[in-house]
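Please read them with the structure open.

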Amino acid sequence: MRGRRRLFRDLDVALERGSITWLRGANGSGKTSLLRILAGVSKPESGEVICDGTPVAYLAHANALKDDLTLGEALAFHARLQGLDAEPGQVRTALERLGIADRADAAVRTLSQGQRRRGALARLALDDMPRVWLLDEPFDALDADGIERAAALVEGNAARGGAVLLTSHQAVELARLRPIDLGAHA
Amino acid sequence: MSGWRAVLRRDLRLAARRRIEALLPLGFFVVAAGLFPLGVGPERETLRQIAPGVLWVCALLAAMLSVTTLFASDHQDGSLEQMLLAPHALVELVAGKVLAQWLTSGLPLVVAAPLIGVAFDMHAASIGVLALTLLLGTPILGWLGALGAALTLGLRSGAALVFLIVLPLAVPALIFGAGAVAAVDSGLSPRGHISLLGALLIASTMGVPFAIAAALRISVD
C-alpha cells in the first residue's frame with residue numbers, strides 16, 4: 001500500500017538461481033516498493049517473503065555514499081558493513097570493475113551522478129559470492145561504458161548461481177532476461 | 001572489523017571533516033553558560049548557587065543540538081537502509097553511532113565544564129563532581145537523544161519534536177547531576193546522586209539501544 005492506494009495484489013514472484021528478472025511497470029506501479037519488501041526494508045500488508053538463506057544485496061535509488069568521504073573510504077565502509085575485510089586491494093579491484101578506480105581518492109561530493117552510481121554499483125563487486133541482487137534502476141545516470149560494466153556484473157552474479165531482480169526504465173540487453181509486468185497485478 | 005567499529009570509524013572521520021558542525025554543541029555550551037555571569041551579575045555566592053543547574057541545563061541543551069539530526073543524513077542518502085540490511089545487529093551499529101556522537105559532542109562538554117565552572121567561582125570539589133556527573137550524564141543524554149531522533153526520523157519539524165520527547169525523559173539525569181554538585185556545595189555527600197546517575201546510565205545503555213533499533217525500522221518502513 002502507498003497511503004490508501006493498493007499498489008499490487010496476488011503477486012507471486014520466484015527468483016531462481018541463475019535468473020535475471022526485469023521488473024517493469026509504469027511510474028507509481030510499485031516497483032521500488034516491491035524491491036523494498038523483498039529486501040526486508042518494508043513490510044507487506046499481507047503475504048510473505050521466503051528466502052533460502054542466500055545473502056541479499058539491495059541497491060536503492062540513493063547511492064548510500066557520504067559526500068565527505070572519498071569514494072574508496074565510502075566503499076570500504078560498505079565492505080565492512082557487509083562483513084568483508086575491506087582490504088585496499090579489494091576495494092580498488094571493485095572500483096576497477098566499474099571503471100572508476102582512478103577516482104578512489106576523490107571526495108564523493110566531487111563526483112558526477114554517473115560516477116556516484118558506478119561507486120554504488122562497486123559494492124556489488126566487492127566479492128564473488130553468489131547473492132540475490134535487488135537493484136532499483138541500476139543503470140540510472142550511466143553512460144554506455146557504465147551500462148556495459150554493470151550488465152557484466154549482473155550476468156556474472158547470475159552465472160555464479162545468484163539471482164537478480166532489477167528495475168529499469170530503459171531496455172537493457174542481458175542474457176536470460178525474464179520480464180515481469182507489475183501493471184498486470186494492480 | 002565489527003559493525004560498531006566500522007560505523008564509529010566512519011562517523012569520527014566525518015566529524016573530523018565537518019569540524020564546525022561537530023564543534024557547534026561545545027560552542028553553544030560555552031556561550032550559553034558564559035552569558036549567565038554577565039546577565040545575573042558578578043556576585044560570587046549567587047553564581048556558585050546557580051552554577052550546578054545552569055551548567056547542567058546548558059549541557060543538556062547542547063547535547064540535544066547534536067542528536068536531532070543523528071540519523072537524518074544516513075536516512076537521506078540511503079546509508080541507513082544499508083545498515084538495516086547489514087549482517088550485523090542493528091543495535092550494534094546504533095551503539096557505534098551513539099558512541100561516535102558522544103566522543104565528538106558529549107566528551108568535549110565534560111572537558112569544557114571545569115573551565116566554565118571557574119567562571120562561576122565554583123570550588124575545586126564541586127568542579128570535580130560536576131565533571132564526573134557530566135561524564136556519567138552525557139552518555140545518558142546521548143542515548144535518549146538518539147531515541148528521540150529515531151522516533152522522529154523523516155517527520156516534519158522532527159528537530160522540535162526531539163526536544164519535546166527527550167527533555168522530559170532527561171529530567172531525572174538533570175536532577176541527579178545538578179543535585180550531586182549542589183550536595184557537595186552544601187557539604188553533603190554526592191554519592192547517592194552519583195549512584196543513581198550511574199544506575200540511569202546502566203539502564204539506558206542496556207535498554208535504549210533496542211528501542212532505537214526498533215524505532216529506526218519503523219521509521220524506514
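1. Strand 2 of chain A runs parallel to strand 3 (residues 132–136) of chain A, and four bridges join the two. Within strand 3 of chain A, A:Trp133 is the residue opposite A:Ala57. Keep in mind throughout that this is a predicted model.

2. A:Arg36 is found in helix 1 of chain A. Is A:Arg36 buried or exposed? A:Arg36 has 21 other C-beta atoms within 10 Å, and 20 or more count as buried, so A:Arg36 is buried. Leaving out residues up to four places away in sequence, A:Arg36 touches A:Val41 and A:Ser42. A:Leu134 lies 98 residues from A:Arg36 along the chain, yet their C-alpha atoms are separated by 8.5 Å.

3. A:Arg24 has A:Asp181 in strand 5 of chain A as its bridge partner.

4. A:Asn27 sits in the loop between strand 1 and helix 1 (31–39) of chain A. A:Asn27 is exposed, with 6 other C-beta atoms within 10 Å. A:Asn27 and A:Gly183 are 9.9 Å apart in space, C-alpha to C-alpha, but 156 residues apart in sequence.

5. Helix 2 (residues 71–81) of chain A is mostly covered, with 11 of its 11 residues buried. Among them are the charged residues A:Glu73 and A:Arg80, as well as A:His78. What do the buried residues of helix 2 of chain A pack against? Within chain A, they meet helix 3 (88–97) and helix 4 (113–121). From chain B, helix 1 (3–17) and helix 5 (79–85) join in. Just after helix 2 of chain A, A:Gly83 takes a positive phi of about 85 degrees.

6. The contact between the chains takes 21 residues from chain A and 20 residues from chain B. On the side of chain B that touches chain A, helix 1 and helix 5 of chain B each supply at least two residues. By class, that side has nine nonpolar, four polar and seven charged residues.

7. In chain B, the axes of helix 7 (residues 124–151) and helix 8 (residues 158–185) come within 9 Å and cross at roughly 170 degrees. The two helices of chain B are therefore roughly antiparallel. The residues of their contact divide into 18 nonpolar, six polar and one charged.

8. The largest nonpolar core has 123 residues. Those with the most contacts inside it are B:Leu55, B:Ala59, B:Leu109, B:Ala146 and B:Ala150. Helix 7 of chain B gives the largest share of this core, 14 residues. Setting aside neighbours within four places in sequence, B:Ala150 is in contact with B:Phe71, B:Ile212, B:Ala215, B:Leu216 and B:Ser219.

Terms used: Residues are numbered from 1 along each chain as its sequence is written. Chains are lettered from A and ligands numbered from 1 in the order in which they are written. This is a predicted model: local features need pLDDT of at least 70, side-chain atom pairs count only at pLDDT 80 or more; totals for chains, interfaces and linings use all residues. Two strands pair if DSSP finds at least two bridges between them. A residue is buried if 20 or more other C-beta atoms lie within 10 Å of its own, exposed if 12 or fewer, and partly exposed in between; C-beta atoms are placed from the backbone. Two residues are in contact if their C-beta atoms, placed from the backbone, lie within 7 Å. Axes are lines fitted to C-alpha atoms, for helices over the stretch in contact, and angles run from 0 to 180 degrees between N-to-C directions. Angles under 35 degrees count as roughly parallel, over 145 as roughly antiparallel, 65 to 115 as roughly perpendicular and the rest as oblique. A nonpolar core is a set of buried Ala, Val, Leu, Ile, Met, Phe, Trp, Tyr and Cys residues joined through C-beta atoms within 7 Å.
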